[in-house]
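User: Please take a close look at one part of the model shown below and describe it in a single connected account. I would like the cut-offs behind each term to be stated along the way.

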Amino acid sequence: MTTINPYLVFKGNCEKAFNFYKSVFGGEFASIFRFREMPPDQKFAPEEAERLMHVSLPIGQGTILMGSDTSDVNGPPMITGNNISMSINTDSKQDADRLFNGLSAGGKVFMPMNNTFWGSYFGMFTDKFDINWMVSFEPPKEKK
């Protein structure tokens with residue numbers, strides 16, 4: 001099943017914001033990663049090491065609030081108004097490619113669909129109507 005969730009971007013206060021959202025919605029973070037946990041070939045300023053690269057908070061049946069801090073070195077600058085994206089999670093790599101290619105037509109691709117170091121098949125773009133999108137497929141985890 002394809003799902004769409006809000007993805008929020010912050011200027012260094014993502015953790016504070018998400019702790020606030022957690023206090024309101026309840027629950028626990030499903031994932032939380034810091035810039036310092038990225039592979040060595042990924043760039044960020046030393047003072048950004050403790051910023052959040054990604055956090056997710058389930059807030060209801062099938063809805064996940066996600067977010068990250070922006071990096072001054074890696075990624076477009078955060079400007080109020082461009083700090084919200086629609087994050088699509090698909091059931092297959094083919095569906096991810098279909099949605100990415102369709103929605104990004106006439107827009108600007110920032111990160112083409114590709115396998116990532118965190119295990120997802122992922123891409124980012126702004127569509128021709130200036131809406132930010134992220135498309136992701138998470139392959140099933142191998143059972144041990």
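Analyst: A residue is called buried under 20% relative accessible area, exposed over 50%, and partly exposed in between, with a 1.4 Å probe and protein chains only as cover. The model is predicted, so local features need pLDDT of at least 70 and side-chain atom pairs count only at pLDDT 80 or more, whereas totals for chains, interfaces and linings use all residues. Residues are numbered from 1 along each chain as its sequence is written, and side-chain values use heavy atoms, with hydrogens and water left out.

Helices (H or I, at least four residues) and strands (E, at least two) are DSSP runs numbered from the N terminus; two strands pair if DSSP finds at least two bridges between them. In general, strands of a sheet pair through backbone hydrogen bonds, either parallel or antiparallel.

The sheet is open and has eight strands in the order E2-E3-E4-E1-E5-E8-E7-E6, with mixed pairing. Its edges are E2 (31–34) and E6, each of which pairs on one side only. From one strand to the next, the twist averages 20°; axes are lines fitted to C-alpha atoms, for helices over the stretch in contact, and angles run from 0 to 180 degrees between N-to-C directions.

E5 (residues 84–90) takes part in two of these pairings. With E1 (residues 3–10) it runs antiparallel through six bridges, and Thr3 has Asn89 of E5 as its bridge partner. With E8 (residues 132–137) E5 runs parallel, again through six bridges; here Ser85 stands opposite Asn132 and Ile88 opposite Val135.

Helix H2 (residues 93–104) lies across E5, E6, E7 and E8 and runs at about 10° to E7, contact meaning heavy atoms within 4.5 Å. Within H2, Asp95 and Arg98 are three residues apart, about one turn of the helix. They form a salt bridge with closest N and O atoms 2.6 Å apart, the criterion being a side-chain nitrogen of Lys or Arg within 4 Å of a carboxyl oxygen of Asp or Glu. Asp95 is buried at 17% relative accessibility, whereas Arg98 is exposed at 52%.

One of its pairs is Arg34 with Glu50, whose closest N and O atoms are 3.7 Å apart. Arg34 lies in E2 and Glu50 in the loop between E2 and E3 (52–60), so this pair ties together parts that are 16 residues apart in sequence. Arg36 also forms a salt bridge with Glu50, at 2.6 Å between the closest N and O atoms. Both Arg36 and Glu50 lie in the loop between E2 and E3, so the parts tied together are 14 residues apart in sequence. Arg34 is buried, with a relative accessible area of 14%, while Glu50 is partly exposed at 44% and Arg36 is partly exposed at 45%. By the same criterion, the count comes to six salt bridges.
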